[in-house]
Amino acid sequence: MNNNRFEGSRLLILDFGSQYTQLIARRVRELNVYCEIHPYNHLPDEIDSYDAVILSGSPYSVRSEEALHPDLSAIRGKKPLLAVCYGAQYLAHFSGGEVAPSAIREYGRANLSYIKAGEPLFEGIATGSQVWMSHSDTIKVLPTGGVCLASTADVVNAAYRIEGEPTYAIQFHPEVSHSTDGKQLLANFLFKIAGFTPNWTADNFVEMTITALREQVGRDKVVLGLSGGVDSTVAAVLLNKAIGEQLHCIFVNNGLLRKGEFESVLLQYEGMGLNVKGVDASARFLSALAGITDPEAKRKAIGKTFIEVFDDEAHKISDVKWLGQGTIYPDVIESLSVKGPSATIKSHHNVGGLPDYMKLKVVEPLRMLFKDEVRRVGRSLGIDAELLGRHPFPGPGLAIRILGDITAEKVAVLQEVDAIFIGNLKSTGLYDKVWQAGAILLPIQSVGVMGDERTYEKVVALRAVESVDGMTADWVDLPHAFLQKVSNEIINKVKGVNRVVYDISSKPPATIEWE
Ligand code: XMP
């Protein structure tokens, strides 16, 4: 879909740099409406192709010298507009209203004490409804033509509209789950005010993307690296549906995958009808890693070796024109920043991260999807639920879970330990309740006793976390009986390990991986 436009209802979200902007987009997509986020100072060229606009919040104050004020003349009054938080203050401040510092900074929960009757934006929402506030300025005087729609005990103008135009503004954040009717309010804006049709569905996406990929790629060949993860798999299946055997997939065994994973995932890929070549480069990776202990140096050695192996394989396929990638929307959004009045474009490792010598064009069928949408599309494509529900697994694999240098023996020990831990999580139904789990091989030995013998063997740590996106994480309080069973099984079955510990650190300050 790179250059192809979704032809259903389209919403534009202008980002003023709020931490919640992506959340607005996710809520809108959950309502089956297509939306795009663009930085406030880079209005997309074809503004007429959007049917409505949402202005996001911002860390700035409209009263400061740095206040962000884009020219909205192509939007305001011409399209349905919903301004959130900073957006609401922006509309007031620059259109005859007054924004002043709040007597108290308003953060957290509040309740709507007044809602104007008969307003479509508040249909189905009653007074008392909880909303989430996060602002230190308040709208004292509404802009010209402003009509107050809702208030809280502390904020008189918690929502307003502008008479004679489809322009609405709210001080609170409907996208945050603490705003209990936030989704209803967004639905009211989209369906009752902007007249949208909820046509952004996984099935529509698949149908549209297959047509678009055929147009984009034509009769060319595409090469794509499969990792066993959700994104590359869904990207490959979509491309396969669009161009069949013109897609050449490469699945590299770096020798740092989970026990038996290379073989089983390769079989799964073949079962899906993918044109895939499995390349066992374990020895090459292990020799590139020999003696390296520094975590970043490990990552670099693995990254470099991967590119070499992939490049060697890609060159064996004649006349390849495209590189397929599983880039998803958060990576794309991250590559555009809203820092200050001028838009700075920073490069991101997943966006256009192509070695120069591989002169291939990039095709990214998932670049407009959030992670949960990738899973939904995967389901609609009939991809196995187990594969779609897989925990994230880092590209450098077990290398960053073996502290210190890496040897084939250490990898084999950790694979056994990890297989027991993950196997038990699956057999007890705990796997799907955990966001990510794995085992870590520590670079220390400890004394133990087995039978009459004294042992001096390795220690492993187990880690299981809950998270939404890996940015923050909490350790999971796994049942003690479960931990006891796993610990016994590891010590009894894995030669060379005599002690198991459980990691009870949250992120921050600890990271999920130990390296
Ligand atoms: P941390 O350890 O930073 O991990 O809390 C957050 C998430 O990122 C994964 N991770 C990586 N993924 N290459 C990857 O592809 C890496 O070098 C890497 N390091 C960490 C980690 O597994 C977790 O899901």
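Predicted model: local features only at pLDDT ≥ 70, side-chain atom pairs only at ≥ 80, totals over all residues.
Ala, Val, Leu, Ile, Met, Phe, Trp, Tyr, Cys and Pro count here as nonpolar, Asp, Glu, Lys and Arg as charged, and the others, Gly among them, as polar.

The shell around the ligand divides into 5 nonpolar, 4 polar and 3 charged residues. Its members are Arg299, Pro394, Gly395, Pro396, Ile400, Trp435, Gln436, Gly470, Lys507, Thr511, Ile512 and Glu513.

An N or O atom in the side chain of Arg299 is 2.6 Å from an oxygen atom of the ligand, and a polar side-chain atom of Glu513 lies 2.5 Å from a ligand oxygen. Gly395 takes part through its backbone, where a polar atom is 3.0 Å from an oxygen atom of the ligand. On its own the ligand has 500 Å² of accessible area, and the protein covers 67% of that.

Stay with Lys507 for a moment, as the chain does something worth a look there. A cis peptide bond joins Lys507 and Pro508, with omega about -10°. Another cis peptide bond joins Pro508 and Pro509, and there omega is about 5°. Where do you find Pro508? Look in the segment after strand E20 (497-502); Pro509 is placed in the segment after E20 as well.

Helix H8 spans residues 295-316, and helix H7, residues 282-289, packs with H8 at an angle of about 145°, their axes 9 Å apart. The crossing of these two helices is right-handed. From H7, the contact draws on Arg284, Phe285, Ala288 and Leu289, which meet Lys298, Ala301, Ile302, Thr305, Phe306, Glu308, Val309 and Asp312 in H8. By class, the H7 and H8 contact has 7 nonpolar, 1 polar and 4 charged residues.

Helix H4 (residues 202-217) and helix H5 (residues 230-243) have axes that come within 9 Å and cross at roughly 65°. H4 passes H5 in a right-handed crossing. On the H4 side the contact is made by Phe205, Val206, Thr209, Ile210, Leu213, Arg214 and Val217, and on the H5 side by Leu238, Leu239, Lys241, Ala242 and Ile243. These residues divide into 9 nonpolar, 1 polar and 2 charged. Thr209 is the polar one, and Arg214 and Lys241 are the charged pair.

One last stop is Asn32, in the loop between helix H1 (21-30) and strand E2 (34-39). Phi of Asn32 is near 60°, a positive value in a residue other than glycine.

Notes. Residues numbered from 1 in each chain as written. Heavy atoms only, no water. Axes fitted to C-alpha atoms, helices over the stretch in contact; angles between N-to-C directions. Helix = DSSP H or I, 4+ residues; strand = E, 2+ residues; numbered from the N terminus. Left-handed = near helix turned anticlockwise from the far one by under 90°. Contact = heavy atoms within 4.5 Å. Near = heavy atom within 4 Å. Polar contact = N/O pair within 3.5 Å; in protein donor to acceptor, adjacent residues only side chain to side chain. Areas by Shrake-Rupley, 256 points an atom, 1.4 Å probe, with all protein chains shown as cover.
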